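Subject: Structure handover

Dear colleague,

Please find the structure below, for you to take over. My notes on it come after.

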Amino acid sequence: MDLFEYVKNNNQNKTSPLASRMRPKSLEEMVGQQHIIGENKMLYRAIKADKLSSVIFYGPPGSGKTSLAKVIADTSNCIFCQINATSAGKKDMEDVIKEAKSNLGMYGKRTILFIDEIHRFNKGQQDYLLPYVEDGTVIMIGATTENPYFEVNSALISRSTIFELKELTKSEVKVLILRALNDKEKGLGAYNPVMDEDAIDFLSDVANGDARTALNALELAVLTTNMDKEGKIHVTLEVIEDCIQQRNPRYDKDGDNHYDTISAFIKSMRGSDPDAVVYYLARMLEAGESIEFIARRIVICAAEDVGLADPEALNVAVSCSRAVRELGMPEARIPLAMAALYIAKAPKSNAAYVAIDKALGYVREHKPYQIPAYLKDAHYKGAAQLGHGIGYKYPHDFPGHYVEQQYLPDEVKDVRFFDEE
């Protein structure tokens, strides 16, 4: 890096958005995603040993896909190159591959190619990458918010390991907010911000697991609030509500809070009261409650409280969940109302909910008993010698496609988990 590049990068660090400045430099600084980068996890070990192979990071916005790629860039001895699939063309890719070949041939250094929003590449662009991923010219890191099994071609997937990143929890978002408030070098600590606890709690919740959303709102709040007489910037709940353009979901003057209202909404669906359902739904929407949050609760209610009495209810609820993500407000109010009212008017059964919880309780309290030999997999050579599959009665060979047969282990055969009543 020459002097001009150094000055450019230094200035960018100071002027770039807070979410960019606060990106972690090491795995230890990463917040969340411990299911894939926790100590001794496979990805953790591969990054630490600098032995990463091609991977695809799949997860919702703000979950840390780019941050994880940057950590790899900062800790690897490989050359790191980044392109965005929304703007990169074939010429950009050709230049990257040409330079990667040169670096590998002249210096023995491999290139990590980070492709943000890889699902935006068309089939031809993805096919172009394939031989260079396969022969190791580049180590590909793809990042996508879309399911890669649908959006990335199968040949590229077969040569990569897919890691799913989860939405950050409220407590994890809170860690990032506090870190940004206190960091005087990269964060907002130099402004002496003081943030009320209810404002921190609200922002952690309303960000819906998106770190970028939380940090962007926090930066806006601090930079647009005047210092008080003590030289501090006081960030209140009202300031955060204004910056993120969502009101605190406390739904009336009597103090019914977020959890009370969603509880009343769910119980009204369960209790088959359509008027109460739309009333509580309207209160949540008017207060700026997350439409995705409401949709998730409708899906849960469809499975738990309607269940087998009307299996179509779950299809309606899942379709609603997808629709609200595509539509946004104000149109999302219509599929939300439609799904919630369908649940309210549908017959009810919690048999599936009771059955699986009863079975889980039994499994946790008892050892795993032997599966009857005739039910074991018999689709491989040598299975018959082990007695697997022998004696199994294929129901379709019998009248009415049914035959009496024991499916449970002997020790469990008299236990009943499912009650049709």
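This is a predicted model: local features need pLDDT of at least 70, side-chain atom pairs count only at pLDDT 80 or more; totals for chains, interfaces and linings use all residues.

Residues are numbered from 1 along each chain as its sequence is written, and side-chain values use heavy atoms, with hydrogens and water left out.

Overall

The protein has 19 helices and seven strands; these are DSSP runs numbered from the N terminus, with helices being H or I of at least four residues and strands E of at least two. Along the principal axes, its C-alpha atoms fill a box of roughly 85 × 65 × 40 Å. Of the 421 residues, 42% are buried (buried is under 20% relative accessible area, exposed over 50%, partly exposed in between, with a 1.4 Å probe and protein chains only). The accessible surface comes to about 24,200 Å², and carbon and sulfur atoms account for 52% of that (Shrake-Rupley method, 1.4 Å probe; for residues, only the protein chains shown count as cover). Of the contacts between residues at least 6 apart in sequence, 70% join residues at least 24 apart, a contact being heavy atoms within 4.5 Å.

Helix α13

Helix α13 covers residues 237–244, and its buried residues are L237, I240, E241, C243 and I244. Viewed down the axis of α13, these fall within an arc of 165 degrees, so they line one face of the helix (the arc is that of the directions from the helix axis to the C-beta atoms). In general, an α-helix has 3.6 residues a turn, so residues three or four places apart point the same way. The buried residues of α13 pack against β6 (193–195), α11 (197–206), α12 (211–223) and β7 (233–235). On the face turned away from that buried side are the exposed residues E238 and D242. Q245 follows α13 and has a positive phi, near 55 degrees.

Helix α17

S321 sits in helix α17, residues 312–327. S321 is buried at 12% relative accessible area, and, neighbours within four places in sequence aside, is in contact with A295 and V299. R322 is also in helix α17, but counts as exposed at 55% relative accessibility. From R322 to D419 the separation is 97 residues in sequence and 32 Å in space, C-alpha to C-alpha.

Aromatic pairs

There are five aromatic pairs in the structure (rings of Phe, Tyr and Trp, the last by its six-membered ring, with centres within 6.5 Å; planes under 30 degrees apart are stacked, over 60 edge-to-face, the rest tilted). One of them is Y279 with Y280, edge-to-face at 5.1 Å centre to centre and 65 degrees between the planes. Y279 is partly exposed at 44% relative accessible area, and Y280 is partly exposed at 21%. Y362 and F417 make another edge-to-face pair, with 5.6 Å centre to centre and 75 degrees between the planes. Y362 lies in helix α19 and F417 in the segment after α19, so this pair ties together parts 55 residues apart in sequence. Both Y362 and F417 are buried.

Surface

Y394 is in the segment after α19 (351–365) and counts as partly exposed, at 43% relative accessibility. With Y392 and Y407, Y394 forms a nonpolar surface patch of about 320 Å² accessible area together. Patches are made of residues with over 30% relative accessible area and no salt bridge, like charges being joined within 9 Å and nonpolar side chains (Val, Leu, Ile, Met, Phe, Trp, Tyr) within 5 Å. A salt bridge is a side-chain nitrogen of Lys or Arg within 4 Å of a carboxyl oxygen of Asp or Glu.

Regards
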